[in-house]
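Work through the exercises below with the structure open beside you, and try each task before you read its solution.

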Amino acid sequence: MSDEILPSLARARQASAKGGNGPLWSLIFETLIRCTTTLVVLVLLFILGTIFYEGAGHISWEFLSQPPSEGMTEGGIFPAIFGTVFLVIFMILMALPIGVFSAVFMVEYAHEGFFKRVIRAAVNNLAGVPSIVFGLFGLGFFVLFVGRNLDYYALGVPRNAAEAQVIELRRTEVRTAAMKEADARALQEPAYTEFIAQKVEASAPIPRRVFGQGAMFWAAATLAILVLPVIIVSTEESLRAVPASVREAAYALGATKWQVISTVVLPMARPGILTGAILAIARGAGELAPILFIGVVYAAPNLPLTEPINFYFFQMPVVNPFLEFMHLNYHIYSLATQSTDTEKARPIQFATTLVLVVLTFVMNLTAIILRRKYGTRR
Amino acid sequence: MNPAAIRARLRHPTSFLSLARERTIEGALMLCGAISIVAISLIFIFLFKEGLQALGSIHLGDLYQAKTVAQKYDAATETTIDLPPQYTFTWQPVSEKPKFSFVPLILGSIGVAGISAILSTLAGLGIGIYLSEIASERMRSIIKPAMELLVGIPTIVVGFFMLAVVAQPTFELFQSLGMAKVYNDTYNMFIGALGVSVVIIPVTASLVDDALRAIPMELRAGSLSLGATRWQTTWRVVLPAAVSGVLAAVILGFGRALGETMIVLMCAGNAPNITVNPFDAVRTMTATIAVEMGAAAQGGTHAQVLFLLGALLVTLSFVLNLIVETIAARFRKRIRL
Amino acid sequence: MPPVAPLKSDRVRPGSDPTSELPPYVEVKNLSYYYGRKQALYDVTLGVPKNTVLALIGPSGCGKSTLVKVINRICELNPDTRHEGDVIVGGESIFSQKTDVIELRQRIGMVFQRPNPFPKSIYENVAYGLRLHGVRDRGTVDDVVEWALHHAALWEEVKDRLKTSALELSGGQQQRLCIARALAVQPDVLLMDEPCSALDPIATAKIEELIISLKAEYTILIVTHNMQQAARVSDNTALMWLGKLIEHNRTKEIFTNPREKQTEEYITGRSG
């Protein structure tokens, strides 16, 4: 940089030689800077303030625990909260192990070289992909490609006209046979059609689509890819922060590489990894574009649950991630753009927004505090 | 406690099994590392694979200018003859004769991203300079988290806010100022850009701050000792030295603005116009995908063109990323005193 | 300390072991060591008899730390290392194909310049090595932990707070904890790389006492900057300079009657 200093200093000398430049310019400059900063902070406060002001009045326990009613103009947002929470849980379950172990590989095992650089480039690019493109990918790849193929190979759901044709043929066969049998039994009208329908459904049902449609699972997978870079980067940071001295101590006692990592390094990196996970959760909860077409609906008749399962002592339904679900962000979006009565829905819109904002803020604040407490400086 | 006994329990050569275990673990970790590569490659491959299928039904040139051929009935020969083809920049995928020109969408994206890049550069520079040159430690510890919180606001919230609180009053404001001719859409490029700026400003500010703090103190000290004021130093010495870092911040902000979806979806209008008037409604590439993907999920040319649009977006962000990386690398090299 | 046979010749060649009739337990034979292209050790030969303390002295960068780190092969954590010659511990070469590095490091304990306890409890620190190698039986672990802390002269000070964090101990206590941690896995050899350089004089004195008492059961190599320390604790001393072994003799001889000019210059402070 030494070749920078001389011209810069020359410019500085010129500047001071120009004289009258000093005090007035300084004042203008400094005022501009201070004004800009204040303005932006004010904008932040204005946004938060308005949302709080307009929405706080509408928050109540009922609001948070009841489903919406009256065409979304009344009632609560519980299903949306439910959907968001479980979506995020699935997302982090998928992203955290992969992200942490990727980071472990990058920091502890990978040799400097082509492979490592490619991974780093891949992570950087993943971080830069626009969120809607993730949605496109999630729809096209997870739902349409993986899901539909899974349905076909596991459940026999036809993927195209040709395969549907095969099923139709089989059904016609069964129908014809059933008709013969119904005639043989001399069934009369209502029983006749019923008998045939029963036979057809029993022997050649059209398999119902399970995986090849919008569902929480695919949405979670899409979001998991989106937040992967967040987890990888913060885990790498916290792994690097573990001092070499404790690693050496562990090696000197006869630990293998993986033992050093699992018994010393990872436990020490835990706070940093936790911070990364919280940031990822905050990011994932705030996104909407990637999941617009992967299972979120405005009004789901039920929560995405299975039938109650027998757990020895009690029965409880479990989340079924292959169903459609409601989502806080989508709720805000739909309320804002598709409401039948926008005026009436305004308070709900603001209240829902407030809930989302509070959730995200709490998570981000926690992450900031954690980071400050455990020292990893960004 | 019998040392010999303990020793006997400890002294075992590393078995073949545990060596194998170490190898397996390393392999598994390598696979995890490779997943990122797989993910990004899949994204590229998949988008292009689906998108390029569109070229089976339309020409590449159609993405630039949509060609419409109208027909008229010629009474003389009693046939319908084709009029000379008309070329327009129109995006109208759902119509009898679908038109797939990307141009209005690209221009819409650039318009919104451009305006917000300008706004966020100015504001980002201001805040960045404030943070690195003026702010006391206490102010820093307030403002910097404030920026992080700002960036953490879900974009849907910002979009909703612009839609519900800002758009209408602004419209009326301009109307009452007598600019009705110019400002005739409530949701337009300007409002969209404003919203996008809210989330881009913290990014730019943070990067500018980092870039300025990376300039060594010696440079500032040298300038000040020659009698320059603090501002002359900042303006004439520090900023020029940090130019690459600041440039990288600006381009990064622009790239992220290009990728923004929800805000523009909600308040930039929804009409794929080509216009230089920032107060007209526009449609960005991202909003187009978001709005039309549902309808086109069943396959068909429309869907494929949307995938092509997505492929274009991904390529754009890749290229911008590359540019930023190169500039940032050069910056890092330069500041090594 | 077994009696020393009279010297056979006046001139002592560096590298031979005039210090004892006993065969060396740790033997370094013509060892040259390379980090990448840089050579850190040049043809070093010396031997350390069982249950003696060898002090390695010399100016910064002379290779004494490297030598010690080669013996338990902890230097191999650096990329691109290479060796010529051999090191034999307890009759077996450490570089041979059938040598298990893990087992080698169990047999050889190491204490570092700055105390580096794990951010765990005192108990967990000492138990770490045992758990690493599969000793899980609570009773045994308890016994060994207590034994090790006794041996490291730390038991009295921490016996009531075994579950508290090791990081709350003072520097000297932490270093003794690290010694206890190393002792727990029952090594034969102890390598100490300037163990007192980060400690105050009182803590240093305690550790020096400890070393002298540990000598009865362990073969100890101690790297030190502090010549008075070398004189206090060690039986034999080796002076190194720029990767080469200059002189190796009984400590008393080195400090009262050095053979090499370089040795004399170093111990009188005229150089280094």
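Two strands are said to pair if DSSP finds at least two bridges between them, and the strands themselves (E, at least two residues), like the helices (H or I, at least four residues), are DSSP runs numbered from the N terminus. The model is predicted, so that local features need pLDDT of at least 70 and side-chain atom pairs count only at pLDDT 80 or more, while totals for chains, interfaces and linings use all residues. Residues are numbered from 1 along each chain as its sequence is written, and chains are lettered from A and ligands numbered from 1 in the order in which they are written.

**Exercise 1. Find the order of the strands in the open sheet of chain C, and explain why one side of β2 and of β5 has no neighbour in the sheet.**

Solution. Start with the order: the open sheet of four strands in chain C runs β2-β1-β4-β5, with antiparallel pairing. Next look at the edges, where β2 (38–49) and β5 (92–93) of chain C each have a single partner strand, so one side of each is left without a neighbour in the sheet. As background, strands of a sheet pair through backbone hydrogen bonds, either parallel or antiparallel.

**Exercise 2. Decide whether A:Ile232 is buried or exposed, and list its contacts.**

Solution. First place the residue: A:Ile232 belongs to helix α9 (residues 216–240) of chain A. A residue counts as buried if 20 or more other C-beta atoms lie within 10 Å of its own, as exposed if 12 or fewer do, and as partly exposed in between, with C-beta atoms placed from the backbone. Since A:Ile232 has 32 other C-beta atoms within 10 Å, this residue is buried. For the contacts, two residues qualify if their C-beta atoms, placed from the backbone, lie within 7 Å; leaving aside residues up to four places away in sequence, A:Ile232 touches A:Gly99, A:Ser102, A:Ala103 and A:Val123. Finally, A:Ile232 and A:Arg120 are 112 residues apart in sequence and 10.0 Å apart in space, C-alpha to C-alpha.

**Exercise 3. Determine how many residues of helix α12 of chain A are buried, and what they pack against.**

Solution. Helix α12 (residues 328–338) of chain A is mostly covered, with eight of its eleven residues buried. Among them are A:Leu328, A:Tyr330, A:Ile332 and A:Leu335. The buried residues of α12(A) pack against α4 (78–109) and α13 (342–374) of chain A, together with α5 (155–176) and α10 (262–267) of chain B.

**Exercise 4. Describe the domains of chain B and the contact between domain 1 and domain 3.**

Solution. The bounds come from an automatic or database domain assignment, which gives chain B domain 1 (15–55), domain 2 (60–92) and domain 3 (101–334). The C-alpha centres of domain 1 and domain 3 of chain B lie 33 Å apart, and eight residues of domain 1 of chain B are in contact with eight residues of domain 3 of chain B.

**Exercise 5. Compare the radius of gyration of chain B with that of a compact globule.**

Solution. The radius is taken over C-alpha atoms, and the globule rule is 2.2 Å times the number of residues to the power 0.38. A compact globule of 337 residues would come near 20 Å, but chain B has 28 Å. The C-alpha atoms of chain B fill a box of roughly 115 × 70 × 40 Å along the principal axes.
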